[in-house]
Amino acid sequence: MNIKVLYTEAQIRRAVQTIAKQVLQYFGSQQPVMVLCLLNGAIWFAADLLRNLPPNFELQTIRLSSYRGTESTGKLKWHNALPDCAGKHVLVIDDVLDTGLTLKSVCDALHAQGAAKVAAAVAIRKIGCCKVDYTVDFCALQCQNLFLVGYGLDFNGKYRNLPYIGYIES
């Protein structure tokens, strides 16, 4: 398998710092903010982002899946329930926005549970791939429709631990 580097570790770090400033401006540093990290892929981005935010941002996690191999199944599988978010400000963190199914489903569920404010941040957005009506609030990086690996993104569970974002060359 041939993997080409799309974004280096340094480029990712700069993009995360930029997003952190935008998130802080949006939510502020006073009121508690529940950070809901979508496992497994977003944990790298969430950890880096949280290191750049003040202590009022509190981490929670939820595990979801929708991919088999390199293709989205179009169905979202919830492996555990959402934490209680009634009346809370919530920042949802995901690794990639492609079809939009996952983020839209999670944000809709948070609103339905009575979250006071919901915003979403992604490490990378694939341009022109969204299949549902959804716009992400914070996006660190973007790319064309490539199959990405590294920085939390995987191919059947492998390559998540690469320090850069790359794509599998076909």
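Let me start with F45, which touches V16, I19, I93, D94, A121, V122, A123, A140 and Y151, leaving aside residues up to four places away in sequence. Contact here is heavy atoms within 4.5 Å.

Before going on, the source. This is a predicted model, in which local features need pLDDT of at least 70 and side-chain atom pairs count only at pLDDT 80 or more, while totals for chains, interfaces and linings use all residues. Residues are numbered from 1 along each chain as its sequence is written, and side-chain values use heavy atoms, with hydrogens and water left out.

Now the helix. In α2, residues 43-50, the buried residues include F45 and L49. Buried means under 20% relative accessible area, exposed over 50%, and partly exposed in between, with a 1.4 Å probe and protein chains only. Helices (H or I, at least four residues) and strands (E, at least two) are DSSP runs, numbered from the N terminus. Seen down the axis of α2, its buried residues fall within an arc of 125 degrees, so they line one face of the helix. That arc is taken over the directions from the helix axis to the C-beta atoms.

F45 and L49 are also among the residues with the most contacts inside the largest nonpolar core, which has 33 residues. Such a core is a set of buried Ala, Val, Leu, Ile, Met, Phe, Trp, Tyr and Cys residues joined through side-chain atoms within 4.5 Å. Its largest share, seven residues, comes from α1.

Next, the strands. How many residues of β6 are buried? Eight of the ten, in a strand spanning 117-126. β5, residues 89-97, pairs with β6 in the parallel sense over eight bridges; pairing requires at least two DSSP bridges between the strands. I93 stands opposite A121 in β6. On the other pairing, five bridges join β6 to β7, residues 138-143, also in parallel, and V122 has C139 as its bridge partner there.

Last, the charges. The whole structure holds three salt bridges, a salt bridge being a side-chain nitrogen of Lys or Arg within 4 Å of a carboxyl oxygen of Asp or Glu. D48 and R51 meet at 2.5 Å, N to O; D48 is partly exposed at 23% and R51 is exposed at 62%. D108 and K104 meet at 2.7 Å. They are four residues apart in helix α3, so about one helical turn separates them. D154 and R160 meet at 3.2 Å, with D154 partly exposed at 22% and R160 buried at 17%.
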